[in-house]
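Try each task before you read its solution.

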Amino acid sequence: MTRRARQVLDEALKLSPEEQSLVLRELLVRLEGEPEPEAEAAWAQEIELRAQQARAGAPSAGDWETVCDEIEAELTRK
């Protein structure tokens, strides 16, 4: 990280969490563009579905390593 970037980061870390969130959002918009409303709505719907499933006691998908192992095993069978 450059000295200038480190200085900016140090200053940003002094901000309140709300201000940090605003700075982060602005940086992401400048890097990636405005989020697409359809994608935002789809993610919100997926998050709500997963939250409902978790509250209902549905089993989780597993940890990352287990999921990767299962995918790899399935791909090698094909």
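L9 is partly exposed, with a relative accessible area of 30%. Keep in mind that the model is predicted.

**Exercise 1. Describe the largest pocket.**

Task: Give the volume of the largest pocket, then list and sort the residues of its lining.

Solution: 
- Step 1. Take the volume. The largest pocket holds about 190 Å³.
- Step 2. List the lining. R50, Q53, A54, A58, P59, S60 and A61 line the largest pocket.
- Step 3. Sort the lining. The largest pocket has 4 nonpolar, 2 polar and 1 charged residues around it.

**Exercise 2. Describe the second largest pocket.**

Task: Find which helices supply at least two residues each to the lining of the second largest pocket, and which gives the most.

Solution: 
- Step 1. Start with the space. The second largest pocket has a volume of about 160 Å³.
- Step 2. Look at the lining. Among the lining residues are R25, E34 and W43.
- Step 3. Assign helices. Helix 2 (17-32) and helix 3 (37-55) each supply at least two lining residues. Helix 2 gives the most, with 4 residues.
- Step 4. Sort the lining. The second largest pocket is lined by 5 nonpolar, 1 polar and 5 charged residues.

**Exercise 3. Trace salt bridges.**

Task: How many salt bridges does a search of the whole structure find? Describe the ones made by R25, R30 and K14.

Solution: 
- Step 1. Count. The search finds 6 salt bridges.
- Step 2. Take R25. R25 pairs with E34, and their closest N and O atoms are 3.6 Å apart. R25 is partly exposed at 43% relative accessible area, while E34 is exposed at 55%. Both R25 and E34 also line the second largest pocket.
- Step 3. Take R30. R30 and E26 meet in a salt bridge at 3.0 Å, N to O. The two lie 4 residues apart in helix 2, so about one helical turn separates R30 and E26. R30 is exposed at 67%; E26 is partly exposed at 40%.
- Step 4. Take K14. K14 bridges to E11, with the closest N and O atoms 3.1 Å apart. K14 is exposed at 63%, and E11 is partly exposed at 47%.

Key. Residues are numbered from 1 along each chain as its sequence is written. This is a predicted model: local features need pLDDT of at least 70, side-chain atom pairs count only at pLDDT 80 or more; totals for chains, interfaces and linings use all residues. Side-chain values use heavy atoms; hydrogens and water are left out. Buried means under 20% relative accessible area, exposed over 50%, partly exposed in between (1.4 Å probe, protein chains only). On a 1 Å grid over the protein atoms alone, a cavity is a set of points where a 1.4 Å probe fits but cannot get out, and a pocket is an open set with protein on both sides within 12 Å along at least five of seven lines; lining residues have an atom within 4 Å of a point. Grid points are joined across faces, edges and corners, and a volume is the space filled by probe spheres set on the points. Ala, Val, Leu, Ile, Met, Phe, Trp, Tyr, Cys and Pro count as nonpolar, Asp, Glu, Lys and Arg as charged, and the others, Gly among them, as polar. A salt bridge is a side-chain nitrogen of Lys or Arg within 4 Å of a carboxyl oxygen of Asp or Glu.
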